[in-house]
Amino acid sequence: MQAPSWVQEVFEHYLICEFTSIDNGKPVTFPLLFFYDNNSTKFVVTSSILFSRKIEHMKKNPKVSLLFSNPEGSGVEKHVVLVQGVAKIEDSDLDHGWERYLPMWRKKEPYIDGFLAAREQFAWFWKRIVVEVEPRKILAWKNGDTSKAPEAVGL
Amino acid sequence: MEERRYFQGSGGSRPLTTLELVDPDRVSRFRYGIVTWIDKDGFPFSVATDFLLSENGEILLKKPSAYPTMMGASVGVLFNHITGIPTGGYTDRRYMLVWGRVSEDKGFLKLHPEEVSEWDEKILPFDKLCAAAVPQGKKYLESLQPSIDA
């Protein structure tokens, strides 16, 4: 990815994104924790089976978007970045498949281990589906001014 | 994080008004909105924009540069207060997702709400949200059963 440093900072430091799937032509957007690995240049979100309607949407239509609009708590300046991409669903190992993202999750939510300790109590919350998003188009608004045209980021 | 409360404006004897669907006091507690529609390539297109409430409680969105492409389309507007904090994690979780259409109004985009979905953990704590979502989890597990049996 040929992203300028300010866009990379957004991917590496923002806590959440606004993730949109499509339900029969209707956009459905939720705030989600995301993980970004700049080696793979893919974005990952995970979803409990409890909140899996968005997964059902993506199985029918894999076109999704992630908007990064909220820098609060991240320590970096405000920019807005839109990633449009194609989602790949991995749900063959609901109990452990998502655990490879635990180090990144822990970094974003240090208290997640306390929640994990109660795994038995929230057993179905911890049955999680992995969604890997391969970017197809990235648009970025420097300083978050969306009244101006965005700049395209090279993939 | 999914829907706690869901209202739909269509299907009744009359369409619900903006105020019946969306509580302006609740909307006023959010700082900005995320407007999303489907672009010409079939991908969701989202953009963040500021908003204000009219005296009648209508939601007026500031025009983003991409606004001409959303005119006439069904849009979703997410108001989100799940905000990161420097020590990690986030503050109180609440959001509201409003679907509808927009029209130009005095330099703004007026949102005409048709459906609403929202969650506020102070009203519905997370453990209760999870309990309410068990049928969806069961449905998903059942959908996987054929591949597990194969």
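Tutor: A polar contact of 2.7 Å joins the side chains of A:Thr29 and A:Thr20, where a polar contact is a pair of N or O atoms within 3.5 Å and, within protein, one atom must be able to donate a hydrogen and the other to accept it, with residues adjacent in sequence counting only if both atoms are side-chain atoms. This is a predicted model, in which local features need pLDDT of at least 70 and side-chain atom pairs count only at pLDDT 80 or more, while totals for chains, interfaces and linings use all residues. Residues are numbered from 1 along each chain as its sequence is written, chains are lettered from A and ligands numbered from 1 in the order in which they are written, and side-chain values use heavy atoms, with hydrogens and water left out.

A:Thr29 belongs to strand E2 of chain A, residues 26-33; helices (H or I, at least four residues) and strands (E, at least two) are DSSP runs, numbered from the N terminus. With a relative accessible area of 1%, A:Thr29 is buried, a word that means under 20% relative accessible area, against over 50% for exposed and partly exposed in between (1.4 Å probe, protein chains only).

The side chain of A:Thr29 also makes a polar contact of 3.4 Å with the side chain of B:Thr36. Leaving aside neighbours within four places in sequence, the residues in contact with A:Thr29 are A:Glu18, A:Phe19 and A:Thr20, together with B:Thr36, B:Leu78 and B:Leu97, contact meaning heavy atoms within 4.5 Å.

From this residue we can turn to the interface as a whole. In total, 54 residues of chain B are in contact with 57 residues of chain A, and the area buried between the two chains is about 4600 Å², with carbon and sulfur atoms giving 63%; buried area is the accessible area (1.4 Å probe) that two parts lose on being put together, summed over both. Three salt bridges are counted between chain B and chain A, each a side-chain nitrogen of Lys or Arg within 4 Å of a carboxyl oxygen of Asp or Glu, and the side chains of B:Arg31 and A:Glu72 meet in a salt bridge at 2.5 Å, N to O. Across the interface of chain B and chain A, 16 residue pairs are in polar contact, both residues being at pLDDT 80 or more. On the side of chain B that touches chain A, the largest share, eight residues, comes from H4(B).
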